[in-house]
Amino acid sequence: MNSVPQWEADDDQSAAPTSTTLAEDDDLEVRSWTIEASDASEADVDYDGDQQDLADRHSLRRVIGLRTELEDVTEVEYRQLRLERVVLASVWTTGTQADADNAMAELRLLAETAGSEVLEAVVQRRQHADPATYIGRGKVAELAGLVAELGADTIICDGELSPAQLRNLEDRTNVKVIDRTSLILDIFAQHARSAEGKAQVELAQLQYLKQRLRGWGGNLSRQAGGRAAGGAGIGGRGPGETKLETDRRRINTRISQLRAKLRTLDATRETKRANRHRNQVPSVAIVGYTNAGKSSILNRLTGAGVLVENALFATLDPTTRRTQTADSRDYTLTDTVGFVRHLPHDLVEAFRSTLEESAQADLLLHVIDGSDPDPLGQLQAVRTVLEQIDAAQIPELIVFNKTDLADPAALTTLRTQYPDAVFVSARTGAGINELRQRVEAALPTPQVELTALVPYERGDLVDRVHRHGQLLTSEYTETGTLLRARVHEDLADELAPFRQQD
């Protein structure tokens, strides 16, 4: 979603108007107030902010139909990877016809997100993919004719192809062939912005490329150094290092450098995470399928103004924002990278340090697109990845988003299957208040309940009780602030000199 429209009003919500009152000491007191969904139509509030990052992303777009390549260049080794005019190919091995249609629709969205124009799609029903060409020989001939007829540049296959399958398909169709993994990596490379995100994407790309190195003609020649190249030098004769071996060595060196860089960046992230843990700040991680509306929900709950786009994998760099509960307790919300079916293993490994934000959270806000044809498939795909990163044991609150776009009958079925889930629309604001209340109720509560008379000169302790504890009652006395609260053990130790008998 690129912009937030006028909000619709709910009859049961209201917000106090802004007011200023002049106190007895002539100081101007300004009451803070919040805008609920019902008032957005009057205040025209945009919870997504100015979206400058989105404007930058849209400033450069591929232009369909423009070519700079000679028509007689047929060797695919020297053609650019241009996702402009593509044909999709898929092998349907398991599941129903609806499952196959949903998988092809998702592949189409991935291709369009990468900047291509999808011309046609080919699906073949087989028990398993052909080990030589992914699809059968007859279908390869049909695909080659379709590519020539439509003038396609690229074939995208819905699966991870082996190097032999890629080579054979390219030889028989004379166009570039890429698989699902390469497509997802291309999208990640376009959307990465931070140094950590770029390093993670490059690491995943190199790990993928290392297994698919190949060379034609002179690229396979042996390399020799010094005078040995001219036939001189004792011990310098014989086979040297091939171009493929040189490329592989360089890739391994670069992978080592990237891993070292990510370890340094991860140390910085761990320091920030440890600081939050030391201050007993609960953390909530927003996880879910790509384009389920996670960033929009973060903006709704915190006003973060992070990038929002109706595209797959719009968010790669995690964003953490601090917010407060109704009783003034601090907690953090983290927007994480979205998941997808059959997420490449190398990608999970490369983004493991980022995904650990989910594994160390106190609560997972599992966002699902309620308008998707297969929301339960999304749920299962996300849980599969959560198991890979050891986050399956974290408490989970399921949130079905985009209820304003979903079929009412489908929502009724989901409400029956998941009675404890929250149904919201980040676009209209419906259900956001309930979601906020459910999140606050699910946060871990401090363990120690106490009563303390805190002197006025120790206002820092009172502030920490407000921010990190659960204040039950407070009373101002002649000697200090009398508090009854629930706090964590470390704060209870600091309040020990001021504790009162209950």
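Visitor: How many bridges join β10 to β11, and do they run parallel or antiparallel?
Guide: The model is a predicted one. In it, β10 and β11 run antiparallel and are joined by 6 bridges. R321 stands opposite L333 of β11.

Visitor: What lies between β10 and β11?
Guide: The two strands form a hairpin, with 5 residues between them. In the turn, S328 has a positive phi of about 75°.

Visitor: Which sheet order includes β10 and β11?
Guide: The order is β10-β11-β9-β12-β13-β14, an open sheet of 6 strands with mixed pairing. Its edge strands are β10 (319-324) and β14 (422-423), each of which pairs on one side only.

Visitor: And in what sense do β9 and β12 pair?
Guide: Strand β9 (residues 283-288) pairs with strand β12 (residues 363-369) in the parallel sense, over 5 bridges. V284 has L363 of β12 as its bridge partner.

Visitor: Which strands does helix α9 touch?
Guide: Helix α9 (residues 294-302) packs on the sheet and touches β9, β10, β11, β12 and β13. Its direction makes about 155° with that of β11. Helix α12 (residues 375-388) lies across β9, β12 and β13, and runs at about 145° to β12.

Visitor: A change of topic: where is Q207, and is it buried or exposed?
Guide: Q207 lies in helix α7 (residues 195-210). Q207 is buried because its relative accessible area is 12%, under the 20% cut-off.

Visitor: What does Q207 touch?
Guide: Leaving aside residues up to four places away in sequence, Q207 touches I255, R259 and D346.

Technical notes:
Residues are numbered from 1 along each chain as its sequence is written. This is a predicted model: local features need pLDDT of at least 70, side-chain atom pairs count only at pLDDT 80 or more; totals for chains, interfaces and linings use all residues. Side-chain values use heavy atoms; hydrogens and water are left out. Two strands pair if DSSP finds at least two bridges between them. Helices (H or I, at least four residues) and strands (E, at least two) are DSSP runs, numbered from the N terminus. Contact means heavy atoms within 4.5 Å. Axes are lines fitted to C-alpha atoms, for helices over the stretch in contact, and angles run from 0 to 180 degrees between N-to-C directions. Buried means under 20% relative accessible area, exposed over 50%, partly exposed in between (1.4 Å probe, protein chains only).
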